[in-house]
Amino acid sequence: MRYSSGHEAFTRFLTPTCVGMVNRQGAVLMPATETDAPQLSALRDADHLAGIVDLNERLFFAHDLPAVVSVLRTAARRLTGADGVTIVLRDGDLCHYVDEDAISPLWKGQRFPMGTCISGWAMLTGQPAVIPDIYADPRIPHEAYRPTFVRSLVMVPVGAPDPIAAIGAYWATRHTPDAGTVTLLEAIARSAALALSNVRLLESLKEAAEAARTQALEVARANAARTRLLATLNHDLRQPVHALTLATHALSSRVTARGEIYVSTMKHCLGVVKRLMDGVQDLVQMDNGVIAVRIEDVTLDDLTTHATATFQLAAEAKGLHWRVDGCGGGVTVRTDRLLASRILHNLIDNAIKYTDRGEIRIVCRTADDKLWIDVSDTGRGIPESSLSDIFEEFYRVEAGDGVVGLGLGLFIVKTLADQLGSAIKVESRPGMGTTISIALPLASSQC
């Protein structure tokens, strides 16, 4: 749609004897008289209002700088009836004449110091410049204008309080723009400021999204490399560790009582290494997404009996009392046997590792159609500031000398519990111990 400016409406039907009032289709309605001035002004204002609405609609769908500039230069010339329009962007201390729509070339693509051009003056002062004769105004660099058609101009800043651009309208003949034209250009400038701000916001969002994608790719590559390294080390270490374990067991039957102390130390160290390797293997499987969940009915006795057989001797060897309460009675839960066992074993192993005296206690209780297994110790406890971090990968609470581990145990517990959809709770008091509880759903017949 083309919106005629007031200047166009007047001059299109100008005759030596009268001026015709026109409708939007360009038809002469009647000769104009002095009493028709308000109606002509209202018609011009309506056209300008419709043009501003159209401009804002077009700017709404302009999502990059070239599109915004194209809409602005075309609309500004059409609405003002000027012989040329330029869009100027501030580029540091320079004015960049980024685009134009004019009867002949102006300064498209050129940059000038802010202090040497009228667009710079408008941006620095935040005021519009209305110049009927450019050669009578000292702010104009006359040599830059002589090759052009420009004789009169209006330059308005874009953006407040710190203008980021300017819009210039130019006429080939001496012309004094009225207040309505200046007001119209200022309205266009306000729309331009919002559109340019939106473009900058979109560009920053795109840059942030691209940076996030790049970072995600880097993290993925790093994780893949880490997984490959861990898998390779785990595979290569298992054979010599297995050979050392067999040799240690064979040696234990051939040494003296004094030598048995050293063999026991070797067995203990090999047990630590094997648990570390098992943790790494769990981590590799989780990274590769190969954890398969097989839900079935599992008796509680299966889980706790296996845990007792695995860890009671280790706890007692460390001088800790081993207690299991409320975990019999033929209770059945719906879970994955292997994953639930790995969770329980990691919790108990972690409890023994961080407890120097007292007891390890396994308590089973039912609540809200769930079986809760509490693994409690009387160990060093966890500071409140660390409770939110203990399930993070490779996180370890400062525990002093003698504690061996990679900080994977509780991370594996949380990951496997999430796979099962099981809730975990932690209660701890430094110097008094920790209780970590896992919830397993009861079999339907026992709910």
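Predicted model: local features only at pLDDT ≥ 70, side-chain atom pairs only at ≥ 80, totals over all residues.

Colleague: How many disulfides does the structure hold, and which residues does a disulfide join?

Modeller: The general idea is to look for a pair of cysteine sulfur atoms within 2.5 Å. The structure holds one disulfide, which joins Cys327 to Cys364 with an S to S distance of 2.0 Å. The torsion about its S-S bond is about 95°, so the disulfide is right-handed. Cys327 lies in the loop between strand E10 (321-325) and strand E11 (332-335), while Cys364 belongs to strand E12 (residues 359-367), so the pair ties together parts that are 37 residues apart in sequence.

Colleague: Are Cys327 and Cys364 buried or exposed?

Modeller: Burial is read from relative accessible area, and under 20% counts as buried. Cys327 is buried at 6% relative accessibility, and Cys364 is buried as well, with a relative accessible area of 9%.

Colleague: Which residues of helix H4 are buried, and what do they pack against?

Modeller: In helix H4 (residues 118-125) the buried residues are Ile118, Ser119, Gly120, Ala122 and Met123. The buried residues of H4 pack against strands E3 (84-91), E4 (94-102), E6 (129-131), E7 (152-158) and E8 (165-171), and also against helix H5 (142-145). After H4 comes Gly126, whose phi is positive, near 70°.

Colleague: Which residues touch the most other members in the largest nonpolar core?

Modeller: In soluble globular proteins, nonpolar side chains tend to be buried together. Here the largest nonpolar core has 40 residues, of which Ile343, Leu347, Ile348, Ile360, Ile362, Leu371 and Ile373 touch the most other members. Among the elements that give two or more residues to this core are helix H8 (300-317), helix H9 (337-353), E12 and strand E13 (370-377), and the largest share, eight residues, comes from H9. Leaving aside residues up to four places away in sequence, Ile343 touches Val413, Leu416, Ala417, Leu420 and Ile438. A second, separate core of 34 residues includes Leu55, Ala165, Ala193 and Ala195.

Methods. Residues numbered from 1 in each chain as written. Heavy atoms only, no water. Helix = DSSP H or I, 4+ residues; strand = E, 2+ residues; numbered from the N terminus. Buried < 20%, exposed > 50% of the residue type's maximum accessible area, 1.4 Å probe, protein only. Contact = heavy atoms within 4.5 Å. Core = buried A, V, L, I, M, F, W, Y, C linked by side-chain atoms within 4.5 Å.
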